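Please read the report below alongside the sequence and the 3D view.

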Amino acid sequence: MPPPPGGRDHGGAERGRNWRGGGLDDVSHRILVLDGNADHAKTLTAWLASEGRQVIPATSPAQAVSEIETCLPDLVVLGSCPRGNGSRPFFEQLSALQADRNVPVLLLAREGRESDVTEGVFYPDDVLLGPLSMPQVTARVRSLLKTKALADRLRLAYFHLDELSGFTETYADQIVADWRPEDLAARMASVLLSPREGTPQRPSFIWGSAVIRGRRHGIACYRTNGDWHSLVTRCPSGELEKLLRPYAIAPGRFICNAPLPGRLKAVLGVSPELSLPNFAAIFREDDALLAAGYPWEVTIHDLPLLQASLRQWSVFRRIWREARKTEEANFQAMEALALAAEFHDSTTAGHVRRLNTYARNLSRLLGQSSRFVRWISHCAQLHDVGKLTLPGSLLNKRGPLDPGEWERVRAHTVNGARLLGHSPQLAMAARIARHHHENFDGTGYPDGLAAERIPLEARIVKLADVYDALRTERPYKKGYSHQEALEVLAKGDGRVLPVHFDPSVLEAFLSSHRDFEAVFDGDRTGAAS
Ligand SMILES: [Fe+2]
Ligand SMILES: [Fe+2]
């Protein structure tokens, strides 16, 4: 069998040859040949199969209809134009193939049968008039398949670009600090890899990566037998570039139409058994994107889409990095404010730090999002920031407070929220500051809110605050043991009642009270609330 025109690039010395020559010949294409004359059908099949393509012969429209349903051809060759009963469903199917799947139809009109072309029975994409020869037919078939392949890729590229635009529109607002780059990569990979009804096939494997502190961190997404997998990979920076070098067609651009080599698979963390033929890779600064398992021969025409995806990935990562930096700055400012409040009220050392930990643990147990968990573990420490507005003499007063003093102390909730202002970044902290003394049964202050009207973050911090206050020794009371504090929270002591707490938060505490004990006992440097 002669080698397929255009050759198949296997890297190394052969690199680049396939794409310069067009590289769109794919011998895996299936061709349906219909000719009512069995001898003609046989000859045509032999001609077309000589280039290694899969040829499905049919000698009647009815047979062709059933073959089309099972084999979905990439090209239909009509050795003669079928007529009579039974040809209508065939022509309808042919028209649908042309319209929906971009399948070209080549009509071979032998001598004296030119009328086949003009009768308007259907509209072939191309016509060859006899006498026919093998080079003539095979060249035209190659040309039609090449055109189809280009049109398919263009169509796929439009689909991808549309999907990527949709992706940007949907998720740009959410590319904030709680998005991990791995999540982002997985979502983008699903855009690039997920087959959609009516669109051409796609690669089966995609791997995006970035260099972070001298190592290349990547995530691979792929599907096998319809199942999705993803895995995180790490490799030394430069390793991948070295292994890809033989397949370079331009700086930062790589193409190979052979299976992904074993050493590359090892670097990507992929099982050696996974079949990944045909791959392309593209680098942009520290970011890289590699796609493999293309169901067609990869050419330079496949690179712009990878380039667009990589560029978008880079932009999202930059936004994510900036969002993270802003968030970190916010958290540092919060900590500074909490420390200032702690200095002001000298009895709270350690308390605010522990509260962050309790709140984080409870939020996790309650199944809150990673963003909620991260933010509450920085916002809890600001619950008593309003005490900055109270004089030290009142905060540290020994002996009972008179009603007026109580009123001023209670105002630390409202004042704390006012101090934190209306910035969206401090909204959670402000809600905690205002509502951490509300009771679930509506008997708390400052607003007397009940049940779910109390923000969840405040319900969580309330329980954590009471536990820590019970455990803490104050000038006017001894610190409770963990067991005693547990009893008070579970059964009440007259002042503290279980109905003050959100039942789900209380349940989470009861199921993890040993963690609370460990946090308090591990941080005995603190004093009181
Ligand atoms: Fe408070
Ligand atoms: Fe407190």
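In this predicted model, the iron ion (ligand 1) and the iron ion (ligand 2) are separated by 4.8 Å. Asp384 sits in the loop between helix H12 (370-379) and helix H13 (392-395), and His436 in the loop between helix H16 (427-435) and helix H17 (456-471), so the pair ties together parts that are 52 residues apart in sequence.

Are Asp384 and His436 buried or exposed? Asp384 has 9% relative accessibility and counts as buried, because buried means under 20%. His436 is also buried, with a relative accessible area of 1%.

The model also contains an open sheet of 7 strands, in the order E8-E7-E6-E12-E11-E10-E9, with antiparallel pairing. Strand E8 (227-236) and strand E9 (248-250) each have a single partner strand, so one side of each has no neighbour in the sheet. From one strand to the next, the twist averages 20 degrees. Within this sheet, Ile282 stands opposite Leu289 in E12.

Another open sheet has 5 strands in the order E2-E1-E3-E4-E5, with parallel pairing. Its edge strands, strand E2 (54-58) and strand E5 (126-129), each pair on one side only. Neighbouring strands here are turned by 20 degrees against each other on average, direction ignored. Val33 has Pro57 in E2 as its bridge partner.

In general, strands of a sheet pair through backbone hydrogen bonds, either parallel or antiparallel. The table gives one strand pair of each kind.

| Strand pair | Sense | Bridges |
|---|---|---|
| E11 (residues 277-284) and E12 (residues 287-292) | antiparallel | 6 bridges |
| E1 (residues 30-34) and E2 | parallel | 5 bridges |

Helices pack on these sheets. Helix H10 (residues 303-344) touches strand E6 (205-212), E9, strand E10 (253-259), E11 and E12, and its direction makes about 45 degrees with that of E11. Helix H4 (residues 87-101) lies across E1, E3 and E4 and runs at about 140 degrees to E3.

Conventions:
Residues are numbered from 1 along each chain as its sequence is written. Chains are lettered from A and ligands numbered from 1 in the order in which they are written. This is a predicted model: local features need pLDDT of at least 70, side-chain atom pairs count only at pLDDT 80 or more; totals for chains, interfaces and linings use all residues. Side-chain values use heavy atoms; hydrogens and water are left out. Two strands pair if DSSP finds at least two bridges between them. Helices (H or I, at least four residues) and strands (E, at least two) are DSSP runs, numbered from the N terminus. Axes are lines fitted to C-alpha atoms, for helices over the stretch in contact, and angles run from 0 to 180 degrees between N-to-C directions. Contact means heavy atoms within 4.5 Å. Donors are N, O and S atoms within 2.8 Å of the metal (3.2 Å for Na, K and Ca); water is not among the atoms, so sites may look incomplete. Buried means under 20% relative accessible area, exposed over 50%, partly exposed in between (1.4 Å probe, protein chains only).
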